[in-house]
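Reader: Please go through this structure with me, one point at a time.

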Amino acid sequence: MGKTIIIVVAAIALIGLVMVGGCFSLAIIGAASDSGESSSSSSTSVSKIPSEYILMDYTGKTQSSIASSYGYNTMPDSGKVFLIVSVKLENHGYEEFYVNPTNFELVVDNVAYDPDTATYSLDGYIDSLTLKNGGKTSGVLAFQIPKDSSNSYSLEYNSISWTDYNILSSSDILNFQ
């Protein structure tokens, strides 16, 4: 009977050591994934807004045609609609940020679309310019997308500069806090 108790206690101790060892492994794995790379863990959060970033917010709406200020309508290609995207940009901390409408792309259903030339028929289209630190601009862009595409899209900016810009949205900023 004494040997049985010792074996049971030893087995429980061994199981406990294995469990504690497993906890240490999980803690190390958790710490390794907290290195700033994207993680699927919902408890990982960034605690600080970068010192330099471009704030880019946008909204969009579909249209079946674009009325020109010259009195004619531009129609999209067959099976497509225009998605008119209103974008606002603010430079926070960079010396300069070059804005060009051709550097934007719209991603819908994992397909990237360039701005359509009909952009230049829109009142208030976003123009090529340089945003100095603290500078702001806004404007609209037109994209042709398939009529049957999803309502989910993202606007991306591909800078031709050697600088790797932090481009954030207002919701990104809220997630930092």
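Reader: Is Glu96 buried, exposed or partly exposed?
Author: The model is predicted: local features need pLDDT of at least 70, side-chain atom pairs count only at pLDDT 80 or more, and totals for chains, interfaces and linings use all residues. Residues are numbered from 1 along each chain as its sequence is written, and side-chain values use heavy atoms, with hydrogens and water left out. Buried means under 20% relative accessible area, exposed over 50%, and partly exposed in between (1.4 Å probe, protein chains only). The relative accessible area of Glu96 is 37%, so Glu96 is partly exposed.

Reader: With which residue does Glu96 form a salt bridge?
Author: A salt bridge is a side-chain nitrogen of Lys or Arg within 4 Å of a carboxyl oxygen of Asp or Glu. A search of the whole structure finds 1 salt bridge. Its closest N and O atoms are 2.4 Å apart, and the partner of Glu96 is Lys132.

Reader: How many residues apart in sequence are the parts that Lys132 and Glu96 tie together?
Author: Strands are DSSP runs of E with at least two residues, helices are runs of H or I with at least four, and both are numbered from the N terminus. Lys132, which counts as partly exposed because its relative accessibility is 48%, forms the salt bridge with Glu96. Lys132 lies in strand 8 and Glu96 in strand 5 (residues 96-99), so the separation in sequence is 36 residues.

Reader: How many helices and strands does the protein have?
Author: From the N terminus on, the elements run α-β-β-β-β-β-β-β-β-β-β-β-α. The secondary structure therefore comes, under the DSSP run definition, to 2 helices and 11 strands.

Reader: What is the bridge partner of Val108 in strand 7?
Author: Strand 6 (residues 104-108) and strand 7 run antiparallel and are joined by 3 bridges. The partner of Val108 in strand 7 is Val111.

Reader: How many bridges pair strand 1 with strand 4?
Author: Strand 1 (residues 53-63) and strand 4 (residues 80-92) pair in the antiparallel sense. In strand 4, the bridge partner of Gln63 is Phe82. The number of bridges for strand 1 and strand 4 is 11.

Reader: Which residue of strand 11 is the bridge partner of Ile54?
Author: Strand 1 runs parallel to strand 11 (residues 167-168), and 2 bridges join them. In strand 11, the bridge partner of Ile54 is Ile167.

Reader: Which backbone oxygen does the side chain of Ser149 reach?
Author: Ser149 lies in the loop between strand 9 (136-146) and strand 10, and counts as buried because its relative accessibility is 15%. Contact means heavy atoms within 4.5 Å; leaving aside neighbours within four places in sequence, Ser149 is in contact with Val108 and Asp109. The side chain of Ser149 reaches, at 2.8 Å, the backbone oxygen of Pro146.

Reader: Which residues does Ser121 touch, not counting those up to four places away in sequence?
Author: Ser121 is found in the loop between strand 7 and strand 8 (129-132). Ser121 is buried, with a relative accessible area of 15%. Those it touches are Ile66, Ala67, Ser68, Ser69, Tyr72 and Thr74.

How values were computed
Two strands pair if DSSP finds at least two bridges between them. A polar contact is a pair of N or O atoms within 3.5 Å; within protein, one must be able to donate a hydrogen and the other to accept it, and residues adjacent in sequence count only if both atoms are side-chain atoms.
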